[in-house]
Amino acid sequence: MSVIWSEQIDSILSCGASLDCVGIKNWALRRDDAIRAINELEALGVPVLGGDVYQLLDGGAEQTYDNWYCDQEFGELDSVFLKRSLDRAKSYICNCSISGALFAIVPKV
């Protein structure tokens, strides 16, 4: 797979399952891996714009059509948006009740 977000970001997210098989250029991460990836994105200063939820069914990843997003508000400082976006992503992932959920994270690049 070619570079999707950036080499640094791809190296963080690629610990998940590739979503190429469903036509998505991203990876789906297990809950613990997703939280770890968000922490690594935070260390790089990369906000998370949102994400989609998948489940492994019949050996492949399928969309659940659950998702979250976080837009930067007008006039919001980048540092404030960074923290708010990461907090929202972590909260959503930790509180997701879908059994065996996988999370595709969308970083701001």
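**Reading the sheet and its helices**

Modeller: Happy to! Let's begin with β3 and β4, which pair in the antiparallel sense over 7 bridges. Keep in mind that this is a predicted model.

Biologist: What makes β3 and β4 a pair?

Modeller: Two strands count as paired if there are at least two bridges between them. β3 and β4 have 7 bridges, so by that cut-off they are a pair. To find one of the contacts by eye, look for Y54, whose bridge partner in β4 is Q63. The hairpin of these strands has 2 residues between them, and D58 takes a positive phi near 55 degrees there.

Biologist: How do you know that β1 and β2 are paired as well?

Modeller: The cut-off is at least two bridges. Strand β1 (residues 17–18) and strand β2 (residues 27–30) are joined by 2 bridges, in the antiparallel sense, and therefore they pair. S18 has W27 in β2 as its bridge partner. There are also 2 bridges between β2 and β5 (residues 101–107), again antiparallel, with L29 opposite F103 in β5.

Biologist: Why are β1 and β4 said to stand at the edges?

Modeller: Follow the strand order of this open sheet, β1-β2-β5-β3-β4, with antiparallel pairing. β1 and β4 (60–69) each have a single partner strand, so one side of each has no neighbour in the sheet.

Biologist: Where do the helices α2 and α3 lie?

Modeller: Helix α2 lies across β2, β3 and β5, at about 110 degrees to β2. Helix α3 lies across β3, β4 and β5, at about 130 degrees to β4.

Biologist: Why is α2 called roughly antiparallel to α3?

Modeller: The axes of α2 (residues 31–44) and α3 come within 10 Å and cross at roughly 175 degrees. Angles over 145 count as roughly antiparallel, which is why α2 gets that label relative to α3. In their contact, R31, A34, I35, I38, N39 and E42 of α2 meet L86, A89, K90, I93 and C94 of α3. These residues divide into 7 nonpolar, 1 polar and 3 charged.

Biologist: How do you know that the size agrees with a compact globule?

Modeller: With 109 residues, a compact globule would have a radius of gyration near 13 Å, and the protein has 13 Å, so the values agree. Along the principal axes, the C-alpha atoms fill a box of roughly 45 × 30 × 20 Å.

Biologist: What is the order of the elements from the N terminus on?

Modeller: The elements run α-β-β-α-β-β-α-β, and they include 3 helices and 5 strands.

Methods: Residues are numbered from 1 along each chain as its sequence is written. This is a predicted model: local features need pLDDT of at least 70, side-chain atom pairs count only at pLDDT 80 or more; totals for chains, interfaces and linings use all residues. Side-chain values use heavy atoms; hydrogens and water are left out. Helices (H or I, at least four residues) and strands (E, at least two) are DSSP runs, numbered from the N terminus. Axes are lines fitted to C-alpha atoms, for helices over the stretch in contact, and angles run from 0 to 180 degrees between N-to-C directions. Angles under 35 degrees count as roughly parallel, over 145 as roughly antiparallel, 65 to 115 as roughly perpendicular and the rest as oblique. Contact means heavy atoms within 4.5 Å. Ala, Val, Leu, Ile, Met, Phe, Trp, Tyr, Cys and Pro count as nonpolar, Asp, Glu, Lys and Arg as charged, and the others, Gly among them, as polar. The radius of gyration is taken over C-alpha atoms; the globule rule is 2.2 Å times the number of residues to the power 0.38.
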